[in-house]
Amino acid sequence: MRFLLILALAILLQGLLTALPGNLQSAAAQTHEGVIYCSEHSLPYMNPQRYQYSPIASTLSKAVYERLIGRDNKTGEIVPGVGKLTRLSKDQLEYTFILDKTVRFHSYDSFVPTRELQAEDVIFSFNRMRDPGNPFYEPFENFPYITKTETLSNIKDIVAVSPYVVRFILKEPDPDFLDFLAIDNSVILSKEYADYILEHNLPPEYIDYNAVGTGPFQESSFVRERYVKLKPFREYRFDKPRIKKLVINRSWKINKRLSQMFTNECHIISNPSASQLTFIEQHRGSNELKIYNRKTVNATFIIFNTKRDVLKNRHTRRTIADAINIRDLNEAVYFGLGHYIIGARAGTNSIFTPDTEPTTEERLASVLELRRTPLRISVFESENGGGNYQVKIAEMLKSDLESIGVKSEIHKYRTDTGLRKLRSGNFDVAIVNVFSNLDSAIAPLLACRKAVRRRQTDSEFMNNFTGWCNPYFDSIMNNLKNRRLAENEKMSLYLNARHILLEEMPLVPLLYSSNRYVALGNLKGLRTTSAGGLDFRNVYYEDEELPAPPKAIRSLAGSPGNAAKDLISPDKSAPSGESRQKNQKTDFPEPVPDTAGKPAPEASPAADPKNPPAAPAAGNNNESPNTEPAPAPRKNSAAPAAKGGH
């Protein structure tokens with residue numbers, strides 16, 4: 001039966017792909033007005049501060065927000081963002097930035113900024129995460145990536161030297177500080193909008209659901225966990241987006257995402273399966289479809305509990321590592337598109353190098369030791385942690401161990417349960433995923449010094465659970481953070497660290513995963529980000545008259561009874577220079593005045609932290625406000641929010 005189902009699916013896919021040229025040609029008769037990106041990632045917030053360092057956070061950040069500084073996508077160098085580093089004190093404790101005076105925040109009918117971005121916006125954006133006295137403060141676990149490092153707790157103060165000059169003062173030097181400011185999660189929010197929320201007695205959570213950024217696109221509507229609709233920001237200081245509408249739609253069924261391309265409900269899809277890629281490749285050469293591959297920062301490691309008797313000896317750990325066929329693992333789990341954290345030795349499937357390879361005697365003694373008792377392989381179920389990859393890797397590890405006569409058992413845990421197991425040392429071998437680059441991943445995974453923060457988020461694996469500590473290795477990793485090192489000095493330190501790691505093997509570095517995207521062939525200017533997301537700033541259609549059918553946009557609302565509506569286009573009727581308040585479309589909730597003409601107080605949202613607060617109706621500035629509150633964009637909502645999305 002299973003074979004027949006697979007065969008039927010294959011025939012269906014073949015039929016769809018055979019008809020693909022006709023589908024695209026029929027779409028060519030209309031006018032493209034936007035792009036629909038169908039992703040498997042959920043959309044719980046509009047604020048990237050509240051996300052893991054992940055492709056979806058990067059995509060939102062690049063579209064809607066900007067950062068104080070950034071990183072060049074090609075060279076990796078630090079570049080200016082809304083600000084530019086102008087002074088670093090000799091003791092490396094004070095970083096002074098000058099801000100661009102032309103940066104404008106998004107404007108909505110109910111909220112119209114009165115000024116450009118200033119120092120107080122930068123201060124607010126970080127203080128709401130670090131200052132418990134801030135009205136918008138959230139516990140650090142609600143910021144799963146930014147608070148993963150110690151950087152935020154190392155900030156002593158942030159001061160406004162002048163309206164357009166801001167200074168960060170650190171407690172101790174931190175060579176990772178600029179990296180922290182440049183990551184996609186470190187977005188700049190509007191202090192003026194935060195004040196607006198407080199003045200109108202709105203729930204503080206609005207700051208995370210209503211996007212007031214400075215990026216090339218601004219929010220048109222947002223239905224939590226389902227989709228967000230964006231439109232170009234007319235006052236973006238750089239080149240304006242060429243597409244009129246952008247939809248990021250959650251489509252978690254992998255087979256459905258592919259079929260939606262043929263019904264023009266999606267123009268870009270993420271991570272098709274290996275079987276789907278086989279079909280897609282057939283139409284790649286004719287430029288009907290285009291495939292984008294991008295290395296992510298989702299690194300996979302096997303960690304050992306070195307306090308276990310059987311794993312105390314480095315030779316047993318090296319024997320397990322040597323049994324892993326890393327090339328086969330790459331093909332079977334990552335379809336050959338994974339990137340080695342430490343490459344396999346030429347001509348072999350092992351990560352060992354000649355100067356670290358175990359001797360025959362060492363390997364034999366270790367195998368005999370490992371055969372005495374089965375090993376427990378722990379894997380974790382987590383949406384952001386690569387749980388599916390982990391199970392496949394665990395199965396391959398189990399098979400590789402069996403090939404040398406070592407028995408093992410796979411234990412699957414929910415992430416919170418699994419973390420408790422790791423913290424208590426109740427594991428033998430664990431497979432963990434870390435969203436980070438090599439330096440900032442390995443250092444905390446093996447650091448001798450305990451982390452400042454003892455609590456962790458549900459998706460936080462960046463602590464040393466191995467029980468292994470090597471002070472010399474620790475010092476090397478700290479020295480590598482020195483930005484003033486010459487390249488030859490850096491390389492020497494890397495080689496020393498690599499040698500220690502492969503000799504001692506407290507963990508096995510496996511692979512970085514890749515994100516794959518499939519887009520219509522006539523969609524140009526699409527770029528991938530360093531975090532594996534998508535950058536839509538320069539996207540356009542090769543023939544501007546080619547189109548995203550209205551049906552595709554309407555379908556986002558779900559069932560026919562959901563009152564689906566097209567995206568809101570920017571108001572083109574207003575001449576430049578006129579008041580934005582008069583001409584901007586209504587997209588944000590406007591407080592409903594009570595009989596005394598004052599904003600009506602809102603109920604506290606604390607009772608249901610997983611759902612956005614109920615929003616008042618959005619009213620036009622030139623009309624009487626609606627007397628009925630608009631429905632809130634809630635998780636698993638049956639219908640999108642009222643026009644304006646909040």
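I began with the rings and found 17 aromatic pairs in the structure; rings of Phe, Tyr and Trp (its six-membered ring) pair if their centres lie within 6.5 Å, with planes under 30 degrees apart counted as stacked, over 60 as edge-to-face and the rest as tilted. I then looked up F177 and F180: their ring centres are 6.5 Å apart and their planes stand at 25°, so I noted the pair as stacked.

A word on the source: I am reading a predicted model, where local features need pLDDT of at least 70, side-chain atom pairs count only at pLDDT 80 or more, and totals for chains, interfaces and linings use all residues. Residues are numbered from 1 along each chain as its sequence is written, and side-chain values use heavy atoms, with hydrogens and water left out.

F177 and F180 both belong to helix 5 (residues 177-182), three residues apart, about one turn of the helix; helices (H or I, at least four residues) and strands (E, at least two) are DSSP runs, numbered from the N terminus. Are they buried or exposed? F177 has 0% relative accessibility and F180 has 5%, and both count as buried (under 20% relative accessible area; exposed is over 50%, partly exposed in between, with a 1.4 Å probe and protein chains only).

I also found that F177 and F180 share one aromatic cluster with Y95, F97, F126 and F168.

Last, I looked for charges over rings (NZ of Lys or CZ of Arg within 6 Å of the ring centre and within 35 degrees of the ring normal). R50 lies over the face of Y45, 4.3 Å from the ring centre, and R242 has its charged end over the ring of Y540, 4.0 Å from its centre.
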